[in-house]
Amino acid sequence: MSETLARKKFDEFRGRTELIPDAELDDYWASLPPATIEGMLGEWKGGEFVTGHRMNGQLEKWRWFGKTFNSASDVQPLVCLDDDGNRFSNVKMGKGEASLWLEEFRGEVTATMVYDGQPVHDHFKQVDDDTVMGIMNGKSVVDNGRYFYFFLERV
């Protein structure tokens with residue numbers, strides 16, 4: 001899929017008000033190129049695709065802003081906002097911080113964020129240079145076989 005078409009489809013998903021079927025997001029995911037560790041470095045603002053997964057709405061309650069990838073070994077996975085709107089790394093909620101690895105998921109090797117203190121892996125694929133799609137995977141996150149789908153946009 002071309003980058004222009006990928007972005008158009010992303011904007012369509014992001015603008016939807018009704019639940020998005022997992023199968024549609026899975027098809028979109030399959031069409032995207034794997035993300036690289038180098039491409040993930042920097043600050044990102046996050047959002048979610050609403051699928052009916054039990055995690056939908058939880059990050060908003062925690063005032064999640066996004067993620068910061070300082071290096072492959074220094075990742076702040078849960079950057080949240082305090083009462084004054086200042087960003088902070090919520091290490092309590094995340095049970096520590098995280099690191100970036102190349103990991104196989106669905107037959108492809110892609111940049112994956114691995115939490116330090118919990119069995120959760122966020123796999124990333126590239127929409128364009130400033131946007132990635134993520135699938136959160138792990139024992140505590142998979143909801144009756146369903147993954148949590150989200151996105152990050154470069155700050």
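1. A residue is called buried here when its relative accessible area is under 20%. By that cut-off Phe49 is buried, because its relative accessible area is 1%. Please keep in mind that this is a predicted model.

2. A search of the whole structure turns up eleven aromatic pairs. In the pair formed by Phe10 and Phe49, the ring centres lie 6.0 Å apart and the planes meet at 85 degrees, so the arrangement is edge-to-face. This pair ties together distant parts of the chain: Phe10 sits in helix H1 (residues 3-15), while Phe49, 39 residues apart from it, belongs to the loop between strand E1 (42-48) and helix H4 (58-61).

3. Now for the overall fold. The protein chain has five helices and nine strands, and their order from the N terminus is α-α-α-β-α-β-β-β-α-β-β-β-β-β. Its radius of gyration is 14 Å, close to the 15 Å given by the globule rule for 155 residues, so the chain is as compact as a globular protein of that length. Along the principal axes, the C-alpha atoms fill a box of roughly 35 × 30 × 30 Å.

4. Among contacts with a separation of 6 or more, 50% come from residues 24 or more positions apart.

5. Lastly, the surface and charges. The protein chain exposes about 7,700 Å², with carbon and sulfur atoms supplying 51% of it. The mean positions of the 18 positive and 27 negative charges are 5 Å apart.

Notes. Residues are numbered from 1 along each chain as its sequence is written. This is a predicted model: local features need pLDDT of at least 70, side-chain atom pairs count only at pLDDT 80 or more; totals for chains, interfaces and linings use all residues. Side-chain values use heavy atoms; hydrogens and water are left out. Rings of Phe, Tyr and Trp (its six-membered ring) pair if their centres lie within 6.5 Å; planes under 30 degrees apart count as stacked, over 60 as edge-to-face and the rest as tilted. Helices (H or I, at least four residues) and strands (E, at least two) are DSSP runs, numbered from the N terminus. Buried means under 20% relative accessible area, exposed over 50%, partly exposed in between (1.4 Å probe, protein chains only). The radius of gyration is taken over C-alpha atoms; the globule rule is 2.2 Å times the number of residues to the power 0.38. Contact means heavy atoms within 4.5 Å. Accessible areas come from the Shrake-Rupley method with a 1.4 Å probe; for residues, only the protein chains shown count as cover. Lys and Arg count as positive and Asp and Glu as negative; His and the chain ends are not counted. The place of a charge is taken as NZ of Lys, CZ of Arg, CG of Asp or CD of Glu.
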